[in-house]
Amino acid sequence: MQDVRWNDPRTSRYLGKSVPRLDGPGKVTGAAKYTYDMVLPGMLHAKVLRCPHANARVASIDASAAQRMPGVHAVITDIAGAGRFAGQEIAAVAADTEEIARDAIRAIKVQWEVEPHVVSTRRGMRDERRVGRPREATRGQDPESLWSSAAAVIEEEYYCPVREHLSLETHGLVVQWQEPDRATVWLSTQAVHGSRGELAGALGIPQQNVEVICEVMGGGFGSKFGPGVEGRIAARLSKMTGRPVKLMLERYDEQVASGNAPDALMRVKAAMSADGRLIALDSKIWGTPGNGNNSGIPMPYIYNVPNFKTWQAGVSTNTGGARAWRAPDRPPASFLMESVVDELANKLGLDPMRVRQLNQNNQVRNRQLELGAQLIGWENRNKAPGSGTGRYRRGMGCALSEWGGGMGQPCNCDVKIGTDGSVYVGIGTQDLGTGTRTYVGTIVAEDFGLPLSRVKADIGRSSLPVAGGSGGSVTAASVAPAVKDASMKARARFLEVAAGLMNTSVADLEMRDAKVLSKSNPANSMTFDQVCAKLPPGGIQVSGTTLASLQQGGVAGAQFVEVEVDTWTGRIQPIKVVAVQDCGYVLNKLTAESQLIGGVIQGLCMALLEDRKMDEPTGRMLNPNMETYKVLGSLEVPEIVPVLYETHDKVAGIGEPAVIPTAAACVNAVYNATGVRLRTLPMTPKRWFEATETNQ
Amino acid sequence: MNNFDWVQPKTIAEAATAVKNGGVAMSGGIELLCLLKEHLIEPPSVVNLKSIPGMRSIDVAGSGLRIGALATTTDLAENSVVRNDFPGISQAAASIASPQIRNVGTVGGNLCQRPRCWYYRDPEVKCLKKGGQACYAVAGNNEYHAIMGGGPCHIVHPSDLGSAFLAYGATVVTNEREIPIQNFFVLPKDDIDHENSLRPAELVTGVTVPNDWKGARASFFKSKERESFDWALATALVLLKMNGSTVSDARVVLGGVAPIPWRSTEAENALKGKSIEDSVALAAGRAAVSRATPMSENRYKVPLTTNVVRIAVLQAAGLKAE
């Protein structure tokens, strides 16, 4: 078979065009069945008892009253012998209704031995037993020797708080145990295949005997790779009772125990030459992954710093554990480095955008800066930051990003053409909300010249050919090349049959409008269905695998933000965001742009509102709800201009990178507008007034 | 939430009896549902006031407005008489929560809602208001707490209508008596358990608003962390009576900064006899917070409240606040 290439978007019907999601109508009408919507005959409802203390041992636990409650079918009290954060799972029940399950949880009596706790990074970092092994790196000369010769030096502290994933559909599942050794699990997950092992382990059965189903899901953002503690609990309860068990986390559960992004307390000294080149950087970063593990903030991220010394360490605290959060560690890295570069450039009176171009090598990004500057109207920024009078001040800022977005686990894909004209494509991936199902269908529809409605795209079940988890922006770059491979193999077989029927060569044939046509003789044509009817019994069935030649990773991005600051109330309103994103071959313009817009909105939330607040005296989370853990509402979302910057003809992943630079660009825009540098996120009115007291 | 009996009284007297027997009164149910779900209250019965006819009207009498306790905040925000003659009330009503909540939440419920303090709302924390020994906001995170009138508990009162009614000199009507609004809300130092002076089975049936400030220039300004559904960081309701270009009388009521809607006579005095310009508005703002005693995390509310008053004063005077 000849080299497989992506279809030319200039002549394509679907690929590279804007195609509405296949599951869109179901989602907006409520017809789509989320895990939350699953109701099975005889289904029980499970609830979890959580430790109310930040650090406490279970001295004794008495569940007899819960056991006796009418409607209670099973109680588990051995989940953990201690709670190391307020919210850790201790016991669980399964009952006829959610209400009974809640009452039963409250009837479980636990005697706690409360131990001392620490819930903040600032307190934890003072206790060396809580500070993990530092990661250190150096390059060039010792920065200490270079400060005195630099034209500009800053030494500051920045803080980015713990942020949550805030999936609108909470974590959860429905487990249907089937005697003697099988289970079907409806799970809100980013990995239908990858979740089988943990569930099988909890059930004591082979992985192959577990089917995981996730047709649609309400958000994961990195927090839903496995079934988690709640998944193992539901599995056990289903096996114990022999009945289907539903366990969806409540909002409180979700916010205390289902993952978060570590915070970052960053102390930095950095220097720049008079012509705007970074000379040296010395950074120390602390962050808490709660009772989990840190990965590490890349430093100095995208910038060329000839001389640096970096140090970072995780701080263990009595808080819920961190999980991957959309582009892990890059948003704080960007916030830090983009603030540093901006501060130094402004100190020297240089154009911050030009200074960025001087200090990083990626030519794509440098061109993206030019394009973004043009689209936001960079020449209209506040030339002298902070100049201007009056209550409302406008300003612009920019920031850059780098992300992998390449291939993950290679996937398999089945394509089947029936003698009845039916076309099926199946792959065991899942749609995290990015539009996966739609491009799985359009790739095949494009190759066969069929309307999308004629292709059955089947995803979201672990009984389908294996595909990896949706994380690291690898799904499109892994799934699409496997679909393409299977599609082209099926097409080749199909055209061989057609060529025989039409007395011509395969090379002479093309497919469009559900027809097979001879290029040399337009009168010679057959409908797609006529050819299908002549296929061998059983039709065509082929398998494809991910073709590395169709994918690429390593994507650059540049964003510009214009903000308006109400200097009287400290409220910051984004006016416009331009997001230029390196994105490779575009499968679906509509959903690709949607990923950029979604990333920008999440980045704005990080800039302006998101902040998990832990209370040191009580050890509890103060805002485990969407009343006080805030994200933007529709009234605050500005004009967002997504720019798909196509740099190559291979598919790259872009689910994550757009979230990376937005907050940094906002911080820089606020400085440009007002001359006030906010170094602590989020930029609430509180932070505004605190900064203006010391920093104007 | 616990199971409860559902009581559908036909008269206020029946409702009061049901409440006397341990029930809790429900109007819109927005706040009640929060309290029930978090087990902050566990009443044996819920008494549905909406089964009592005639408590939702907004009437114009010779002496002023009569607002039924079951009028929704949307009813109040959209009533044309309120809009024209008592605009501070309709502005405050329109600022509340979200359209969905305004369509269901009532005037009586808004006045009687409990504090949003995150320690009070946490079912695992036994604070002073719940019979505990400490106000956790003192040593903990008090960024949304009081800068005036606090102690020993440091809540802020969440009622925007409370501010508006206080400014207009309203009276709260109950099944037992009439309570001038300045006697309706109570400070924690006077009653730690309640935010108002209602007796155990006393039910708010309505609010009357006299004509004293009818037609006065008015502005309600609310500062929030976001424009969409959010609670106030600070609010100001300003009423101005003008004699030519000078202020003959003024009312300034602050919200979100004290355990009760907080009338600032200092700010009022800074306005009386003045012709409004930015420096006068700012002076009024500064006067409003002159006796503020911020806590560890809410110092920002002092300059913020200053400007909130400044904005409301300028807007009330018909000037551009910028």
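In this predicted model, strand β22(A) is joined by 4 bridges to strand β23 of chain A, residues 515-518, and the two run antiparallel. Within that pairing, A:R512 has A:K515 in β23(A) as its bridge partner.

The two strands belong to an open sheet of 3 strands in chain A, ordered β22-β23-β24, with antiparallel pairing. Its edges are formed by β22 and β24 of chain A, each of which pairs on one side only. On average, neighbouring strands of this sheet are turned by 20° against each other, direction ignored. The residue ranges of the strands are listed below.

| Strand | Residues |
|---|---|
| β22 (chain A) | residues 509-512 |
| β23 (chain A) | residues 515-518 |
| β24 (chain A) | residues 525-527 |

Strands of a sheet pair through backbone hydrogen bonds, and the arrangement may be parallel or antiparallel.

The contact between the chains draws 27 residues from chain A and 26 residues from chain B. On the side of chain A that touches chain B, helix α16 of chain A, residues 685-695, gives the most, with 4 residues. Sorted by class, that side of chain A has 10 nonpolar, 9 polar and 8 charged residues.

As for confidence, the predictor assigns the complex an ipTM of 0.97 and a pTM of 0.97. Chain B has a mean pLDDT of 97, and 100% of the residues of chain B reach 70 or more.

Methods:
Residues are numbered from 1 along each chain as its sequence is written. Chains are lettered from A and ligands numbered from 1 in the order in which they are written. This is a predicted model: local features need pLDDT of at least 70, side-chain atom pairs count only at pLDDT 80 or more; totals for chains, interfaces and linings use all residues. pLDDT is the predictor's confidence in each residue, from 0 to 100. Two strands pair if DSSP finds at least two bridges between them. Axes are lines fitted to C-alpha atoms, for helices over the stretch in contact, and angles run from 0 to 180 degrees between N-to-C directions. Two residues are in contact if their C-beta atoms, placed from the backbone, lie within 7 Å. Ala, Val, Leu, Ile, Met, Phe, Trp, Tyr, Cys and Pro count as nonpolar, Asp, Glu, Lys and Arg as charged, and the others, Gly among them, as polar.
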